[in-house]
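Please walk through this model with me, one region at a time. Keep the viewer open as you read.

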Amino acid sequence: MRKKLWLIFGPLLCAMVLVVGCIFAANTHPKHNLLQEKRAAVATSATVFKSSVLKNQALGDPNHRFVPFFGSSEWTRTDSMHPAVLADRYHRGYRPFLLGQKGATSLTHYFAMQQMLPEIQHRQAVFVISPQWFVPDNKSTLKQSFPIYYSNAQGLDFLKHQRGTEVDRYAAKRFLKTMPSSSIKGMMQKVADGQPLSNWDRKRINLQLSMNNHEDAFFSDWKMSKNYENRIVANSKHLPKTYNRQKLSEIANKNATAKTDNNDFGINNTFYMKRFKGNPARFKNTQKHFSYEQSQEYNDFQLVLEQFAASDTNVMFVIPPVNEKWSRYTGLSQSMYQKSVAKMKYQLHSQGFNNVADLSRDGGKKHFMQDTIHLGWQGWLAFDDHVAPFLMHKQKQPHYQMNHKFFDKSWANYKPKPHDKFTQFKQ
């Protein structure tokens with residue numbers, strides 16, 4: 001009977017032991033490989049976003065400078081003026097590591113940062129703020145999108161680094177609201193309640209992190225996209241060998257004209273046909289009641305700012321516009337939009353985050369937008385006008401003065417007035 005059982009289950013057991021052995025043999029600190037790092041930097045995939053190994057391999061490369069570019073779906077809008085294309089073509093001494101896709105918001109980025117704290121310490125970063133994140137009720141959207149970009153290692157890294165601060169407690173509470181069935185909810189609840197983690201909790205965290213990191217190292221480079229070759233290199237070949245802003249602008253206009261000739265909104269032809277099927281009429285006046293002025297996203301955004309401050313990261317924030325023709329068609333209020341932008345900028349400037357590229361009024365410029373809300377062609381060049389000098393030249397290190405009032409519901413629910421000074425939220 002034992003022999004028969006062994007013949008049945010023995011091969012399966014051996015295979016499992018072999019797989020586990022291979023996973024634990026995987027090097028969690030692989031050698032630097034520039035091509036692999038280039039591919040990971042522009043993959044814009046959930047796999048890379050969740051991978052500690054791939055992010056840290058590139059961002060920690062001592063011979064090549066990869067800079068984290070945080071954002072969402074704008075990174076997938078690749079054209080000849082995309083920041084990754086320009087950086088590749090003109091050898092500027094940095095390469096964008098694109099972090100974020102559709103649905104990635106502040107809470108998503110905060111937990112992803114926990115995997116790369118040494119790599120953002122005393123470094124630079126770029127962060128694109130999408131005003132569309134700041135909807136009044138984002139609970140259902142967040143519950144759907146957050147798990148796509150979340151890995152258990154992110155939560156474990158957070159638990160490992162937490163010190164029971166107000167920031168930690170807020171982050172843990174938001175995590176529990178978003179991931180109520182997580183395997184680490186017990187430890188998260190302790191942090192949310194201001195209770196210390198036990199010695200057994202910390203041993204469990206370290207053990208699980210070790211297992212997660214080995215698994216990450218084993219699977220991380222599987223099915224890596226060829227975006228670098230197919231999108232970045234392919235587009236960069238058509239640019240002048242030497243950077244020339246005027247020539248690039250001419251190329252941008254030529255490319256945009258050819259790709260936006262089937263509609264009156266200046267929207268990419270393919271996007272227009274796929275999203276609107278050539279008939280946008282059903283969207284007319286559908287955004288008349290949209291508002292980005294009141295949202296818990298303002299509290300979550302504070303989490304990101306707190307982490308940048310704690311890591312002494314010097315950040316360039318970029319606020320994009322919406323397509324002006326499209327906003328007029330859908331009834332989206334530009335007055336509302338500008339008041340929400342003013343609220344974001346106050347949250348930044350009042351705490352010492354003064355590197356802000358506000359492009360929010362440029363949505364009516366020709367060929368500035370690729371679609372309804374994403375930068376394209378001329379928009380990317382304007383983006384580059386701000387970001388490239390910031391990254392290429394030595395910057396004065398900012399002095400942050402954090403204000404925990406921005407975690408209050410009163411801030412999230414505050415509706416700004418025209419020319420608001422936000423005096424009630426000063427420290």
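Asp-312 has a relative accessibility of 21%, so this residue counts as partly exposed. The classes use a 1.4 Å probe and protein chains only: buried is under 20% relative accessible area, exposed is over 50%, and partly exposed is in between. Asp-312 sits in the loop between helix 16 and strand 4. Its phi is positive, about 55 degrees, although the residue is not a glycine. Most residues other than glycine have a negative phi.

A word on the model and the numbering. This is a predicted model, where local features need pLDDT of at least 70 and side-chain atom pairs count only at pLDDT 80 or more, while totals for chains, interfaces and linings use all residues. Residues are numbered from 1 along each chain as its sequence is written, and side-chain values use heavy atoms, with hydrogens and water left out. Helices (H or I, at least four residues) and strands (E, at least two) are DSSP runs, numbered from the N terminus.

His-367 also has a positive phi, of about 65 degrees, and is not a glycine. This residue lies in the loop between strand 5 and helix 19 (378-392). His-367 counts as buried because its relative accessibility is 13%.

Five strands form an open sheet in the order 2-1-3-4-5, with parallel pairing. Two strands pair if DSSP finds at least two bridges between them. Strand 2 and strand 5 (356-358) stand at the edges with a single partner strand each, so one side of each has no neighbour in the sheet. On average, neighbouring strands of this sheet are turned by 20 degrees against each other, direction ignored. Such angles run from 0 to 180 degrees between N-to-C directions, and axes are lines fitted to C-alpha atoms, for helices over the stretch in contact.

Follow the pairs. Strand 1 (residues 66-70) runs parallel to strand 2, and five bridges join them. Phe-69 stands opposite Leu-98 in strand 2. Strand 3 (residues 124-128) pairs with strand 4 in the parallel sense, again over five bridges. There, Val-128 has Val-318 of strand 4 as its bridge partner.

Why is strand 2 (residues 95-99) described as largely enclosed by the rest of the structure? Five of its five residues are buried, so the strand counts as largely enclosed. In a regular strand the side chains alternate between the two faces of the sheet. In strand 2, Arg-95, Phe-97 and Leu-99 are buried on one side, and Pro-96 and Leu-98 are buried on the other.

Helix 5 (residues 83-90) is largely enclosed too, because seven of its eight residues are buried. They are Pro-83, Ala-84, Val-85, Leu-86, Ala-87, Asp-88 and Tyr-90. These residues pack against strand 1, strand 2, helix 13 (227-236), helix 14 (245-259) and helix 19. His-91 follows helix 5, and its phi is positive, near 45 degrees.

Next, a helix pair. The axes of helix 16 (residues 297-310) and helix 18 (residues 334-349) come within 11 Å and cross at roughly 35 degrees. The crossing is right-handed; that is, the near helix is turned clockwise from the far one by less than a right angle. Helix 16 brings Tyr-298, Phe-301, Gln-302 and Leu-305 to the contact, and helix 18 brings Ser-340, Lys-343, Met-344, Gln-347 and Leu-348. Contact means heavy atoms within 4.5 Å.

Glu-293 lies in the loop between helix 15 (269-276) and helix 16. Its relative accessible area is 3%, so Glu-293 is buried. A polar contact of 3.1 Å links its side chain to that of Ser-291. Such a contact is a pair of N or O atoms within 3.5 Å; within protein, one must be able to donate a hydrogen and the other to accept it, and residues adjacent in sequence count only if both atoms are side-chain atoms. Beyond its neighbours within four places in sequence, Glu-293 is in contact with residues including Tyr-298, Ser-340 and Lys-343.

Asn-323 counts as buried because its relative accessibility is 3%. A polar atom of its side chain lies 2.9 Å from the backbone oxygen of Phe-265. The side chain of Asn-323 also reaches the backbone oxygen of Asp-371, at 3.2 Å.
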